[in-house]
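These notes are meant for a colleague who is opening this entry for the first time. Please keep the sequence and the model side by side while reading the points below.

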Amino acid sequence: MLLINQSKMEYRTPDNALRVLPGYIPKNYRIWEPRGDHNIIKYFEDRGYNIQGTNEKNFLDIDPPLKSSDFDCIVSKPDFSTLSNFLERCIYFKKPFMLLMPITALETERRQRYFQETKIKIILFDRRVQFLSPQLLNQTKKTRPPMATAWFCHGFENIPNVLNFSKLV
């Protein structure tokens with residue numbers, strides 16, 4: 001199921017930012033991508049994962065489109081303007097999650113409390129991710145955000161350390 005949120009400008013996640021994840025997600029997991037990032041969905045589908053996509057508005061609603069029994073983990077890149085609400089919603093489901101967020105997500109008291117409670121583990125890259133600009137049909141223009149991003153992970157015991165380092169190849 002592919003559903004892409006086109007209500008506003010979206011920068012999609014490139015494959016090189018996703019390559020580190022399959023080693024940590026069991027192949028039999030049912031993945032939910034609640035923002036409908038086509039690149040995340042396609043990346044996991046191409047590797048034989050069962051993944052569903054919806055849009056962020058529905059994810060943040062009281063009654064989300066999927067029930068907790070419909071998925072095993074969440075993989076997404078939240079809109080930077082909704083980080084706290086998005087993170088809170090992921091925690092609500094009591095399921096493992098991997099969220100690609102700016103390093104500045106560590107800054108607020110509210111999110112720090114969430115990170116402490118959920119024992120977040122972070123996968124850092126050796127350089128900034130170049131996100132794909134959807135305005136171009138061929139999806140070849142990449143843009144770097146003004147801040148570094150990392151995967152903030154919860155519930156994946158096979159991620160070895162609180163801080164993990166990965167090359168962005």
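1. Helices and strands are here DSSP runs, of at least four residues for helices (H or I) and at least two for strands (E), and they are numbered from the N terminus. Counted in this way, the protein has 5 helices and 9 strands. The model is a predicted one, and this should be kept in mind for the points that follow.

2. As to the order of these elements, the pattern along the sequence reads α-β-α-β-α-β-α-β-α-β-β-β-β-β. Of the contacts in the protein with a separation of 6 or more, 69% are made by residues 24 or more positions apart.

3. On the question of cover, 50% of the 169 residues of the protein count as buried. The accessible surface of the protein is about 8700 Å², and carbon and sulfur atoms account for 51% of it.

4. The interior deserves a careful look, and in general nonpolar side chains tend to be buried together in soluble globular proteins. In this model the largest nonpolar core has 26 residues, and Leu21, Ile25, Phe44, Val75, Met98 and Trp151 are those with the most contacts inside it. Two or more residues each are given to this core by helix 1, helix 2 (38-46), strand 3 (73-76), strand 4 (97-102), strand 5 (121-125) and strand 8 (149-154), and helix 2 gives the most, with 4 residues.

5. Which residues does leucine 21 touch, leaving aside those up to four places away in sequence? Leucine 21 touches Phe44, Val75, Met98, Ile123 and Trp151. Apart from the core described above lies another core, of 21 residues, among them Leu87, Cys90, Phe115 and Leu124.

6. Aspartate 15 lies in helix 1, which covers residues 15-18. Because its relative accessible area is 34%, aspartate 15 counts as partly exposed, a class that lies between buried, under 20%, and exposed, over 50%. Aspartate 15 and phenylalanine 131 are 116 residues apart in sequence, while their C-alpha atoms are 9.6 Å apart in space.

Methods: Residues numbered from 1 in each chain as written. Predicted model: local features only at pLDDT ≥ 70, side-chain atom pairs only at ≥ 80, totals over all residues. Heavy atoms only, no water. Buried < 20%, exposed > 50% of the residue type's maximum accessible area, 1.4 Å probe, protein only. Core = buried A, V, L, I, M, F, W, Y, C linked by side-chain atoms within 4.5 Å. Contact = heavy atoms within 4.5 Å. Areas by Shrake-Rupley, 256 points an atom, 1.4 Å probe, with all protein chains shown as cover.
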